[in-house]
Amino acid sequence: MEYSFPHYLLSKQSVDDRALNKDVLNALKANLPSQPIRVIEVGAGIGTMLRRLLRWDVIQRAEYVLVDEMAENIEYASAWIPQFASEAGLGVERSRENLIRVFDEAHDVHIRLERGDVFDFIQKNNEPADLLIAHAFLDLLPMPESLPKLFSLTKSLAWLTVNFDGVTSLEPTIDAALDEKIERLYHQTMDTRPTGGDSQSGRHLFGHLRSAGAEILAAGASDWVVHSVNGKYLADEEYFLYFILHFFEESLTGHAELDAKAFAGWLAKRRGQIERSELVYIAHQMDFLVRS
């Protein structure tokens, strides 16, 4: 199988749609200032959150800045955003390669694509946003020292979504002891990344946010739950599951505490479960809406 990170981001749209905590989302809607607003999304990927907020009519008139360090993501977003906007019946104008406007009678959103490291972007950003979005991103950063820097990007609101919180479940069981060991070692790789990260980011954010002077307006679980329905996975979620196993393989291949043959056999059995639409995947995560 060919593994493409933009394809993974596409494939998890339906997973994230279900996962996002609706109470926290409603709090976001209730606290947004009158539009037009300025939005900055860090770790924005290919623009799936922008598409979601347009589809759910959360934003109507806005300047929306997408920041991502992966050139592949920004390149994909540059082509995909006009595509999904046109398919949704929105008008599209492009003034430069990184500047796109999508609009209709009810919407007018000016989009800017910024390729670069988030902390470099923070250094050069001159205008804080009304809303900062960090989706499935904070658990990749060094904490708590990153929060004050990130909060410099917003005048007030930050919507911090899908922060991993220490629970990965793959069912059915293959070998209880081996399953537990693989999951434990996988979580350890999150805690020991050179660039930062925390496998219990969600629960720790309560304290980190308060220490950074942020008021938590709403918080709740945003668990990924993927299973087959009527013998098949929804949308493109089969690819999503294969990519999750790819993360396991990349993170743990060659690990000193893991028998290589046993791990290869485990991966093969898990992939077989996907092929038969048997695998159930659950990951526990947390969403927050805060006022900085």
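Modeller: Buried means under 20% relative accessible area. Keep that cut-off in mind for this predicted model.

Colleague: How many aromatic pairs are there by the ring rule?

Modeller: Rings of Phe, Tyr and Trp pair if their centres lie within 6.5 Å. By this rule the count is 16.

Colleague: Is the pair of Phe-206 and Phe-288 stacked or edge-to-face?

Modeller: The ring centres of Phe-206 and Phe-288 are 4.9 Å apart, with 70° between the planes. Planes over 60 degrees apart count as edge-to-face. So the pair of Phe-206 and Phe-288 is edge-to-face.

Colleague: Where in the chain do these two residues sit, and how many residues apart?

Modeller: Phe-206 is in helix α9, residues 201–211. Phe-288 is in strand β10, residues 280–291. The pair links distant parts of the chain, and the separation is 82 residues.

Colleague: Why does Phe-288 count as buried?

Modeller: The cut-off for buried is under 20%. Phe-288 counts as buried because its relative accessibility is 0%.

Colleague: Which helix holds the partner of Trp-224 in strand β9?

Modeller: Trp-224 and Phe-240 form an edge-to-face pair, 5.2 Å centre to centre, with 90° between the planes. They are 16 residues apart. Phe-240 lies in helix α10.

Colleague: Is Phe-240 buried or exposed?

Modeller: Exposed needs over 50% relative accessible area, and buried needs under 20%. Phe-240 has 0% relative accessibility, so Phe-240 counts as buried.

Colleague: Over the ring of which residue does the charged end of Arg-52 sit?

Modeller: The distance from the charged end of Arg-52 to the ring centre is 5.9 Å. The ring belongs to Trp-56.

Key
Residues are numbered from 1 along each chain as its sequence is written. This is a predicted model: local features need pLDDT of at least 70, side-chain atom pairs count only at pLDDT 80 or more; totals for chains, interfaces and linings use all residues. Side-chain values use heavy atoms; hydrogens and water are left out. Rings of Phe, Tyr and Trp (its six-membered ring) pair if their centres lie within 6.5 Å; planes under 30 degrees apart count as stacked, over 60 as edge-to-face and the rest as tilted. Helices (H or I, at least four residues) and strands (E, at least two) are DSSP runs, numbered from the N terminus. Buried means under 20% relative accessible area, exposed over 50%, partly exposed in between (1.4 Å probe, protein chains only). A charge sits over a ring if NZ of Lys or CZ of Arg is within 6 Å of the ring centre and within 35 degrees of the ring normal.
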